[in-house]
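Please read this briefing with the sequence and the 3D view side by side. The points below are grouped by topic.

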Amino acid sequence: MTLTLPEILALLGIFMLAGTVKGVIGLGLPTVSMGLLSLLMSPAQAAALLLVPSLVTNFWQLFTGPDVRALCRRLWPMMVCVAMGTMLTTGTLTTGQNRLAPIALGVCLVVYALLGFSRFQRRLSSTAERRLGPLCGVLTGLITGATGVFVIPAVPYLNALGLARDDLVQALGLSFTVSTLALAAGLAWQHALPGALLGTSLLALLPALVGMWLGSVLRRHCHPAVFRRCFFIGLLVLGIEIVWNGIN
(Lines give C-alpha, C1' and ligand atoms only; values in the text may rest on other atoms or scores of the structure.)
Protein backbone atom coordinates (compact mmCIF):
# COMPACT_ATOMS: atom_id res chain seq x y z
CA MET A 1 0.00 0.00 0.00
CA THR A 2 1.47 3.34 -1.12
CA LEU A 3 0.28 6.44 0.71
CA THR A 4 0.44 10.00 -0.59
CA LEU A 5 1.50 12.86 1.68
CA PRO A 6 -2.12 13.99 2.31
CA GLU A 7 -3.06 10.39 3.18
CA ILE A 8 -0.12 10.12 5.60
CA LEU A 9 -1.15 13.38 7.28
CA ALA A 10 -4.75 12.13 7.48
CA LEU A 11 -3.55 8.85 8.99
CA LEU A 12 -1.50 10.68 11.64
CA GLY A 13 -4.46 12.94 12.42
CA ILE A 14 -6.82 9.97 12.74
CA PHE A 15 -4.60 8.18 15.24
CA MET A 16 -4.02 11.36 17.23
CA LEU A 17 -7.79 11.89 17.43
CA ALA A 18 -8.37 8.24 18.36
CA GLY A 19 -5.66 8.44 21.03
CA THR A 20 -7.22 11.61 22.42
CA VAL A 21 -10.59 9.88 22.74
CA LYS A 22 -8.95 6.96 24.57
CA GLY A 23 -7.08 9.38 26.82
CA VAL A 24 -10.31 11.05 27.89
CA ILE A 25 -12.72 8.12 28.31
CA GLY A 26 -10.43 5.06 28.44
CA LEU A 27 -11.55 3.41 25.19
CA GLY A 28 -12.34 4.19 21.58
CA LEU A 29 -8.94 4.05 19.84
CA PRO A 30 -9.66 1.04 17.58
CA THR A 31 -13.28 2.07 17.09
CA VAL A 32 -12.46 5.60 15.93
CA SER A 33 -9.46 4.39 13.91
CA MET A 34 -11.39 1.69 12.06
CA GLY A 35 -14.32 3.99 11.37
CA LEU A 36 -12.25 6.83 9.90
CA LEU A 37 -9.59 4.71 8.18
CA SER A 38 -12.29 2.71 6.39
CA LEU A 39 -13.16 5.93 4.54
CA LEU A 40 -9.64 5.90 3.05
CA MET A 41 -8.85 2.20 2.55
CA SER A 42 -10.22 -1.33 2.81
CA PRO A 43 -11.30 -2.61 6.25
CA ALA A 44 -8.49 -5.23 6.18
CA GLN A 45 -5.83 -2.55 5.61
CA ALA A 46 -7.38 -0.37 8.32
CA ALA A 47 -7.38 -3.30 10.77
CA ALA A 48 -3.71 -4.00 10.04
CA LEU A 49 -2.74 -0.36 10.60
CA LEU A 50 -4.36 -0.16 14.03
CA LEU A 51 -2.60 -3.28 15.38
CA VAL A 52 0.54 -1.69 16.89
CA PRO A 53 -1.14 1.41 18.43
CA SER A 54 -3.98 -0.71 19.77
CA LEU A 55 -1.70 -3.40 21.18
CA VAL A 56 0.71 -1.00 22.90
CA THR A 57 -1.98 1.21 24.45
CA ASN A 58 -4.03 -1.77 25.60
CA PHE A 59 -1.00 -3.51 27.10
CA TRP A 60 -0.36 -0.34 29.08
CA GLN A 61 -4.01 -0.27 30.18
CA LEU A 62 -3.92 -3.96 31.13
CA PHE A 63 -0.77 -3.97 33.25
CA THR A 64 -1.39 -0.74 35.16
CA GLY A 65 -4.44 -2.21 36.91
CA PRO A 66 -4.68 -3.78 40.38
CA ASP A 67 -4.53 -7.57 39.79
CA VAL A 68 -4.16 -8.91 36.26
CA ARG A 69 -3.84 -12.56 37.38
CA ALA A 70 -7.16 -12.56 39.25
CA LEU A 71 -8.84 -10.93 36.27
CA CYS A 72 -7.41 -13.52 33.87
CA ARG A 73 -8.62 -16.36 36.10
CA ARG A 74 -12.11 -14.88 36.10
CA LEU A 75 -12.37 -13.99 32.41
CA TRP A 76 -10.30 -16.67 30.67
CA PRO A 77 -13.30 -18.60 29.20
CA MET A 78 -14.53 -15.41 27.54
CA MET A 79 -11.02 -14.55 26.26
CA VAL A 80 -10.50 -18.01 24.73
CA CYS A 81 -13.82 -17.68 22.91
CA VAL A 82 -12.91 -14.16 21.71
CA ALA A 83 -9.75 -15.56 20.11
CA MET A 84 -11.57 -18.50 18.52
CA GLY A 85 -14.39 -16.36 17.13
CA THR A 86 -11.95 -13.83 15.68
CA MET A 87 -9.95 -16.48 13.87
CA LEU A 88 -13.14 -17.90 12.35
CA THR A 89 -14.27 -14.70 10.63
CA THR A 90 -11.07 -12.83 9.72
CA GLY A 91 -11.40 -14.19 6.21
CA THR A 92 -14.56 -12.10 5.83
CA LEU A 93 -12.57 -8.94 6.60
CA THR A 94 -9.78 -9.74 4.15
CA THR A 95 -11.97 -10.62 1.16
CA GLY A 96 -11.46 -7.66 -1.14
CA GLN A 97 -14.75 -8.09 -2.98
CA ASN A 98 -16.88 -8.42 0.15
CA ARG A 99 -19.21 -5.42 0.43
CA LEU A 100 -20.66 -6.65 3.71
CA ALA A 101 -17.53 -5.88 5.77
CA PRO A 102 -17.84 -2.06 5.66
CA ILE A 103 -21.61 -2.26 6.16
CA ALA A 104 -21.12 -4.51 9.20
CA LEU A 105 -18.52 -2.06 10.51
CA GLY A 106 -20.96 0.84 10.15
CA VAL A 107 -23.72 -1.10 11.88
CA CYS A 108 -21.38 -1.89 14.80
CA LEU A 109 -20.53 1.79 15.18
CA VAL A 110 -24.22 2.75 15.16
CA VAL A 111 -25.12 0.08 17.73
CA TYR A 112 -22.21 1.08 19.96
CA ALA A 113 -23.23 4.75 19.77
CA LEU A 114 -26.86 3.98 20.61
CA LEU A 115 -25.78 1.87 23.58
CA GLY A 116 -23.64 4.78 24.74
CA PHE A 117 -26.60 7.14 24.56
CA SER A 118 -28.88 4.73 26.38
CA ARG A 119 -26.42 4.21 29.27
CA PHE A 120 -27.73 0.65 29.51
CA GLN A 121 -27.00 -0.76 32.97
CA ARG A 122 -27.55 -4.34 34.03
CA ARG A 123 -25.88 -6.35 36.78
CA LEU A 124 -25.24 -10.02 36.02
CA SER A 125 -25.26 -12.72 38.67
CA SER A 126 -22.29 -15.08 39.00
CA THR A 127 -24.39 -17.86 37.41
CA ALA A 128 -25.31 -15.68 34.45
CA GLU A 129 -21.67 -14.62 34.12
CA ARG A 130 -20.51 -18.23 33.77
CA ARG A 131 -23.14 -18.93 31.13
CA LEU A 132 -22.93 -15.70 29.15
CA GLY A 133 -19.17 -15.13 29.27
CA PRO A 134 -18.21 -17.68 26.59
CA LEU A 135 -21.19 -16.69 24.41
CA CYS A 136 -20.25 -13.03 24.68
CA GLY A 137 -16.67 -13.95 23.83
CA VAL A 138 -17.67 -15.85 20.69
CA LEU A 139 -19.93 -13.02 19.49
CA THR A 140 -17.25 -10.41 20.17
CA GLY A 141 -14.70 -12.51 18.30
CA LEU A 142 -16.98 -13.08 15.29
CA ILE A 143 -17.65 -9.33 15.05
CA THR A 144 -13.96 -8.52 15.55
CA GLY A 145 -12.86 -10.82 12.76
CA ALA A 146 -15.51 -9.47 10.37
CA THR A 147 -15.19 -5.74 11.13
CA GLY A 148 -11.99 -5.03 13.08
CA VAL A 149 -14.05 -3.49 15.91
CA PHE A 150 -13.99 -5.34 19.24
CA VAL A 151 -16.34 -3.41 21.51
CA ILE A 152 -19.64 -5.21 20.85
CA PRO A 153 -20.85 -6.98 22.94
CA ALA A 154 -17.70 -7.10 25.13
CA VAL A 155 -17.96 -3.57 26.55
CA PRO A 156 -21.64 -3.80 27.65
CA TYR A 157 -20.98 -7.28 29.07
CA LEU A 158 -17.96 -6.21 31.12
CA ASN A 159 -19.88 -3.16 32.33
CA ALA A 160 -22.58 -5.51 33.60
CA LEU A 161 -20.20 -7.48 35.83
CA GLY A 162 -20.24 -4.82 38.51
CA LEU A 163 -16.47 -4.41 38.57
CA ALA A 164 -14.79 -1.58 40.44
CA ARG A 165 -13.66 1.29 38.20
CA ASP A 166 -9.98 0.28 38.09
CA ASP A 167 -10.89 -3.38 37.59
CA LEU A 168 -13.25 -2.46 34.74
CA VAL A 169 -10.58 -0.41 32.98
CA GLN A 170 -8.16 -3.33 33.34
CA ALA A 171 -10.79 -5.82 32.12
CA LEU A 172 -11.35 -3.69 29.02
CA GLY A 173 -7.59 -3.64 28.49
CA LEU A 174 -7.50 -7.44 28.73
CA SER A 175 -10.37 -7.89 26.28
CA PHE A 176 -8.94 -5.41 23.79
CA THR A 177 -5.45 -6.95 24.05
CA VAL A 178 -6.73 -10.47 23.36
CA SER A 179 -8.87 -9.17 20.48
CA THR A 180 -5.92 -7.31 18.95
CA LEU A 181 -3.61 -10.33 19.18
CA ALA A 182 -6.29 -12.62 17.73
CA LEU A 183 -6.96 -10.14 14.91
CA ALA A 184 -3.24 -9.95 14.13
CA ALA A 185 -3.03 -13.75 14.06
CA GLY A 186 -6.08 -13.96 11.81
CA LEU A 187 -4.73 -11.35 9.38
CA ALA A 188 -1.37 -13.14 9.26
CA TRP A 189 -3.15 -16.45 8.64
CA GLN A 190 -4.99 -14.84 5.71
CA HIS A 191 -1.71 -13.38 4.39
CA ALA A 192 -3.08 -9.86 4.93
CA LEU A 193 -0.31 -8.57 7.18
CA PRO A 194 2.62 -7.46 4.97
CA GLY A 195 5.69 -5.88 6.52
CA ALA A 196 4.94 -2.49 4.94
CA LEU A 197 1.62 -2.27 6.76
CA LEU A 198 3.27 -3.20 10.05
CA GLY A 199 5.85 -0.46 9.49
CA THR A 200 3.10 2.08 8.89
CA SER A 201 1.26 0.77 11.95
CA LEU A 202 4.41 1.35 14.01
CA LEU A 203 4.56 4.90 12.63
CA ALA A 204 0.97 5.43 13.79
CA LEU A 205 1.93 4.62 17.37
CA LEU A 206 3.53 8.02 18.03
CA PRO A 207 0.45 10.16 17.20
CA ALA A 208 -1.72 7.71 19.16
CA LEU A 209 0.47 8.17 22.25
CA VAL A 210 0.55 11.94 21.77
CA GLY A 211 -3.23 11.85 21.49
CA MET A 212 -3.52 9.87 24.72
CA TRP A 213 -1.42 12.50 26.48
CA LEU A 214 -3.61 15.27 25.05
CA GLY A 215 -6.67 13.33 26.15
CA SER A 216 -5.37 13.09 29.71
CA VAL A 217 -4.87 16.88 29.71
CA LEU A 218 -8.31 17.46 28.19
CA ARG A 219 -9.90 15.19 30.79
CA ARG A 220 -8.82 17.62 33.52
CA HIS A 221 -10.47 20.57 31.77
CA CYS A 222 -13.53 19.05 30.09
CA HIS A 223 -16.48 17.37 31.74
CA PRO A 224 -16.26 13.65 30.77
CA ALA A 225 -20.03 13.38 30.26
CA VAL A 226 -19.97 16.18 27.67
CA PHE A 227 -17.04 14.58 25.84
CA ARG A 228 -18.72 11.16 25.85
CA ARG A 229 -21.88 12.67 24.37
CA CYS A 230 -19.92 14.35 21.58
CA PHE A 231 -17.98 11.13 20.99
CA PHE A 232 -21.10 9.02 20.58
CA ILE A 233 -22.76 11.62 18.34
CA GLY A 234 -19.71 11.58 16.06
CA LEU A 235 -19.62 7.79 16.11
CA LEU A 236 -23.30 7.59 15.19
CA VAL A 237 -22.87 9.96 12.23
CA LEU A 238 -19.76 8.10 11.07
CA GLY A 239 -21.50 4.73 11.30
CA ILE A 240 -24.49 5.94 9.28
CA GLU A 241 -22.15 7.40 6.67
CA ILE A 242 -20.24 4.11 6.32
CA VAL A 243 -23.46 2.08 6.02
CA TRP A 244 -24.83 4.53 3.42
CA ASN A 245 -21.65 4.35 1.32
CA GLY A 246 -21.60 0.56 1.61
CA ILE A 247 -25.17 0.23 0.40
CA ASN A 248 -24.69 2.63 -2.48
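The axes of α4 and α10 come within 6 Å and cross at roughly 45°. This is a predicted model, in which local features need pLDDT of at least 70 and side-chain atom pairs count only at pLDDT 80 or more, while totals for chains, interfaces and linings use all residues. Residues are numbered from 1 along each chain as its sequence is written, and side-chain values use heavy atoms, with hydrogens and water left out. Helices (H or I, at least four residues) and strands (E, at least two) are DSSP runs, numbered from the N terminus.

**Helix packing**

- Two packed helices are described by the angle between their axes and the distance between the axes.
- Axes are lines fitted to C-alpha atoms, for helices over the stretch in contact, and angles run from 0 to 180 degrees between N-to-C directions.
- At their angle, α4 and α10 are oblique to each other (angles under 35 degrees count as roughly parallel, over 145 as roughly antiparallel, 65 to 115 as roughly perpendicular and the rest as oblique).
- α1 and α10 make a right-handed crossing.
- In the contact of α1 with α10 there are 13 nonpolar, 7 polar and 2 charged residues (Ala, Val, Leu, Ile, Met, Phe, Trp, Tyr, Cys and Pro count as nonpolar, Asp, Glu, Lys and Arg as charged, and the others, Gly among them, as polar).
- For helix α5 (residues 68-94) and α9, the axes come within 8 Å and cross at roughly 35°.
- The crossing of α5 and α9 is right-handed.
- The contact of α5 with α9 is made up of 18 nonpolar, 7 polar and 1 charged residues.

**The second largest pocket**

- A volume of about 160 Å³ is found for the second largest pocket.
- On a 1 Å grid over the protein atoms alone, a cavity is a set of points where a 1.4 Å probe fits but cannot get out, and a pocket is an open set with protein on both sides within 12 Å along at least five of seven lines; lining residues have an atom within 4 Å of a point.
- Grid points are joined across faces, edges and corners, and a volume is the space filled by probe spheres set on the points.
- Residues lining the second largest pocket include L17, V21, V32, L36, F227 and C230.
- Two or more lining residues come from each of α1, α2 (29-37) and α11 (224-247).
- α11 gives the largest share of this lining, 6 residues.
- The lining of the second largest pocket has 9 nonpolar residues, 1 polar residue and no charged residues.

**Buried and exposed residues**

- In α2, 8 of its 9 residues are buried (buried means under 20% relative accessible area, exposed over 50%, partly exposed in between, with a 1.4 Å probe and protein chains only).
- Among the buried residues of α2 are L29, P30, T31 and V32.
- K22 lies in helix α1 and is buried, with a relative accessible area of 4%.
- F63 belongs to helix α4 (residues 51-63) and is exposed, at 51% relative accessibility.
- R131 sits in helix α7 and is exposed, with a relative accessible area of 66%.
- L139, in helix α7, is partly exposed at 39% relative accessibility.

**Pairs apart in sequence**

- K22 and L209 are 187 residues apart in sequence, and their C-alpha atoms are 9.8 Å apart in space.
- F63 and G173 are 110 residues apart in sequence and 8.3 Å apart in space, C-alpha to C-alpha.
- Between the C-alpha atoms of L139 and V82, 57 residues apart along the chain, the separation is 7.5 Å.

**Backbone details in loops**

- I152 and P153 are joined by a cis peptide bond, with omega about -5°.
- P153 is in the loop between α7 (126-147) and α8 (154-159).
- H191 is not a glycine, yet has a positive phi of about 55°.
- H191 lies in the loop between α9 (165-189) and α10 and is exposed, with a relative accessible area of 74%.

Notes: A crossing is left-handed if the near helix is turned anticlockwise from the far one by less than a right angle, and right-handed if clockwise.
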